[in-house]
Each structure stands twice: as C-alpha cells, then as structure tokens.
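Notebook open, structure loaded. I wanted to go through the charged pairs, then the surface, then the overall layout.

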Amino acid sequence: MSQAEPSHLETLQAEIAHLQGELQLRDQLVDQLSQELFRLVKDPESANSSLGEADQNESQIERLNVQIREIEEQLQFYRQQIGTRDQEIYQLQSKIKTLMAKNQNLEKMLEDLPELYRQKFAQRMKPVKEKVEQLQRENRQLQAQVQTLTYRLTIRNRPSHEQDIDLPNFHKTDQHF
C-alpha cells in the first residue's frame, strides 16, 4: 500500500469534518433566521411601530428568505459532496482491505518459498543423485575389473622363475622397538 492513499484518506476526512462544521454553522444561522421570522410573523405589530419599519422589516424578511434559500442550496450541495466523499472513503477502505489481504497472501507465500524451493531442488536432484550413484557403482566395478586384469597381466607377463613367491629376508637384530 502506498503512502499516498492514507494521506488522501486523511485529507478527505479533514475536508468532511470541515464541511460538517460549515453545515452546523449554517444550521445555526437557519435556526436564528427561522426564530426571527417566527417572531416577526407572530407579533408584527409590536415589531413594527411605523409603516417605514414595516417596509423595512418586510424587505429584511425578504432578504432573510433569500439567504435561507441560498443556505438550503449550499446545504444540499454540501450533502451531495459528503455523500460523494463517503462513497470515496468506502471504496478506499474496501481497496485497503483487499490490498491488505493480498499483502498477507504474499507474505505467506514468501514464508513458504524456501521450503518450496527445497522440495523442488530435492525433486530435481533425485535423478542426478541416482545417476551419480549408478556411475560410482559402475566405476568401482570397472576399477575392480581393471585391477583383476592388471593382476592377471602381471602374472602372465612375469618370467616363469618369478612366479615363485619371494619372501623377504628378515635379519634378526638385537634392537627392539
């Protein structure tokens, strides 16, 4: 897994947290505007002492309604962004799980590799060892035959008077070892 993926995930989470903070702030503003509108609608006469104030309040209400619509549009936009980010996070988490499973499989394969190579090497070496043993047996047989033939040739090629076995003469000495 690369380092870019966790940092990207952290960036997305930070951005989501920021957007949620903005949503809370906008929700508070909407609540405040709603309360103000409710107060103005409930008791318009106490809020309006004069016609000028009524017109002013009416234009203020209109501005507040426009702001509410804008805030609602922004809320909808942020909700869509959060939904998109949630999907991206889910996909990244799924990808991380898949990559971690693959990583574990590869680690297991790496652990098993030396034993697998030993087995394969032993399988390949078995016929070679058998061939070497066969050649060694043949070599010993051939050496024995060569020695036998050499001995026979030596006996055959000796002059007849050398065929008697000569024993070495040992002189008796008084020296002891």
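This is a predicted model: local features need pLDDT of at least 70, side-chain atom pairs count only at pLDDT 80 or more; totals for chains, interfaces and linings use all residues.

Started with R85, which makes a salt bridge with E15; I get 3.0 Å between the closest N and O atoms.

Is R85 buried or exposed? It comes out at 18% relative accessibility, and the cut-off for buried is under 20%, so R85 counts as buried. E15 has a relative accessible area of 29%, so I put it down as partly exposed.

How many salt bridges does a search of the whole structure find? I get 4.

One is R118 with E115, the closest N and O atoms being 2.8 Å apart. These two are 3 residues apart in helix α3, so about one helical turn separates them. E115 is partly exposed, at 40% relative accessible area.

Another is E62 with R69, where the closest N and O atoms are 3.8 Å apart. The cut-off is 4 Å, so this pair still counts as a salt bridge. On cover, E62 has a relative accessible area of 44% and is partly exposed. R69 is also listed at 44%, and it counts as partly exposed.

Which residues make the nonpolar patch? I find L110, L113, L116 and Y117, together giving about 400 Å². I looked at L110 in particular: it sits in helix α3, which covers residues 51-157. Its relative accessibility is 58%, and since exposed means over 50%, L110 counts as exposed.

Buried residues come to 13% of the 177 residues.

Last, the layout. I count 3 helices and 0 strands, and the pattern along the sequence reads α-α-α. I also looked up contacts between residues with a separation of 6 or more: 80% of these are made by residues 24 or more positions apart.

How values were computed: Residues are numbered from 1 along each chain as its sequence is written. Side-chain values use heavy atoms; hydrogens and water are left out. Patches are made of residues with over 30% relative accessible area and no salt bridge: like charges are joined within 9 Å, nonpolar side chains (Val, Leu, Ile, Met, Phe, Trp, Tyr) within 5 Å. Accessible areas come from the Shrake-Rupley method with a 1.4 Å probe; for residues, only the protein chains shown count as cover. A salt bridge is a side-chain nitrogen of Lys or Arg within 4 Å of a carboxyl oxygen of Asp or Glu. Helices (H or I, at least four residues) and strands (E, at least two) are DSSP runs, numbered from the N terminus. Buried means under 20% relative accessible area, exposed over 50%, partly exposed in between (1.4 Å probe, protein chains only). Contact means heavy atoms within 4.5 Å.
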